[in-house]
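Hi everyone, thanks for coming.

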Amino acid sequence: SVAELARRGQGRTPFALSGEQVAVVEMASVNPAPFLVLPIELDGEQVLAMVSTSRSEVVIDKASRAEPSWVSVRFGGRLTVTDVPAFSQDLSGLSKELNAPIRALIGSNLLRKVSATIDYRGHQFVARAYAPPPPPHATRVGLFYAKGGGMMMSTALGQNEAAPASFLVDSAMRFPLSLDEGGWTKAGVALSDLSIVEEDPEKKLKEGVVPVFRLGAFDVRRVPGVFVGAPISEIEKGLLFDIDGIVGTPMLAHYRITLAEGGRTLWFEDDTSLRALIDQIDSIELPTEAPPANAREGAPK
């Protein structure tokens with residue numbers, strides 16, 4: 001598919017940006033949550049797309065386009081990316097799972113080109129035609145990309161003697177963390193301490209708690225995780241190197257995240273205190289009674 005698309009790419013400029021410098025898109029709410037879904041224009045047609053960081057390129061539902069093609073993607077009616085390589089895949093199962101007509105997946109290459117900011121709790125997706133400055137109250141996490149373009153994260157498990165670890169970032173996974181046996185060992189948790197997930201019909205999925213997961217300068221404590229075993233081994237065969245697990249959307253959704261430096265950096269903003277302040281202000285009941293009749297006209301009320 002890649003070779004077929006490349007042969008039809010003569011004279012094109014992949015990921016050419018035009019329009020305004022920044023576009024803000026209100027993200028869609030889907031059930032089950034959290035998933036990163038937003039409306040985009042795909043070759044002029046309004047569709048719902050899901051962010052999929054474990055993939056490199058844009059994927060279009062096979063029902064809409066059966067062959068690989070070059071497409072145009074527009075964000076918020078303001079910023080357009082032309083000559084975007086796109087491949088086709090059956091997305092009907094994903095649409096059924098999310099109870100929404102998902103017609104496209106946005107891969108890591110397009111996210112890198114538009115220096116995307118994703119704020120799940122704020123329901124906001126920002127696309128830019130310029131490199132963003134470091135956001136306030138944020139920590140930097142280094143990224144690299146595996147064979148096939150999947151987004152990878154360097155991190156550490158444990159607090160005092162933290163063990164370095166590598167994770168695939170998969171915004172399509174519904175668990176906060178999924179670790180293999182080596183990952184749980186680095187986290188200081190024995191597989192015998194994990195419990196069976198009762199909702200799993202095959203009773204093969206186990207769950208536990210990672211004491212400390214390090215995101216740059218942030219120590220995230222008591223993160224729920226699962227042990228899936230074989231699926232991570234299959235992913236490692238495709239990546240051609242060892243990973244300790246996968247980071248899913250529930251972990252990403254707690255922060256406002258921004259891709260910078262061409263996708264080599266992922267900024268995590270912790271705005272918990274700001275959101276708490278906003279909620280506190282919103283809860284204040286302002287007086288509604290009229291001023292006294294003898295109040296001097298023009299005086300501050």
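This is a predicted model: local features need pLDDT of at least 70, side-chain atom pairs count only at pLDDT 80 or more; totals for chains, interfaces and linings use all residues.

When I say buried, I mean under 20% relative accessible area, with exposed being over 50% and partly exposed in between, using a 1.4 Å probe and protein chains only. By that cut-off, 47% of the 301 residues in the protein are buried.

Residues are numbered from 1 along each chain as its sequence is written, and side-chain values use heavy atoms, with hydrogens and water left out.

On to the fold. The protein has seven helices and 20 strands; these are DSSP runs, H or I of at least four residues for helices and E of at least two for strands, numbered from the N terminus.

So what sits in the middle? A nonpolar core here is a set of buried Ala, Val, Leu, Ile, Met, Phe, Trp, Tyr and Cys residues joined through side-chain atoms within 4.5 Å. The largest one has 58 residues, and Phe75, Phe125, Phe213, Leu215 and Phe268 have the most contacts inside it. There's also a second, separate core of eleven residues, with Val30, Val59, Leu91 and Ala100 among them.

Next, the rings. Phe, Tyr and Trp rings (for Trp, the six-membered one) pair if their centres lie within 6.5 Å; planes under 30 degrees apart are stacked, over 60 edge-to-face, and the rest tilted. How many aromatic pairs does that rule give? The count is five.

Take Phe167 and Phe213: their ring centres are 5.3 Å apart and the planes sit at 85 degrees, so this pair is edge-to-face. Phe167 is in strand β13 (residues 163-169) and Phe213 in strand β16 (residues 206-215), so the pair ties together parts 46 residues apart in sequence. Both Phe167 and Phe213 are buried.

Phe218 and Tyr255, on the other hand, are stacked, at 6.1 Å centre to centre with 15 degrees between the planes. Phe218 belongs to strand β17 (residues 218-227), and Tyr255 to the loop between α6 (249-252) and β19 (256-260), 37 residues apart. Tyr255 is buried, at 11% relative accessible area. Ring pairs also bring in Phe268, giving a cluster of Phe218, Tyr255 and Phe268.

Last one: the charged end of Arg112 sits over the ring of Tyr145, 4.0 Å from its centre. The rule there is CZ of Arg, or NZ of Lys, within 6 Å of the ring centre and within 35 degrees of the ring normal.
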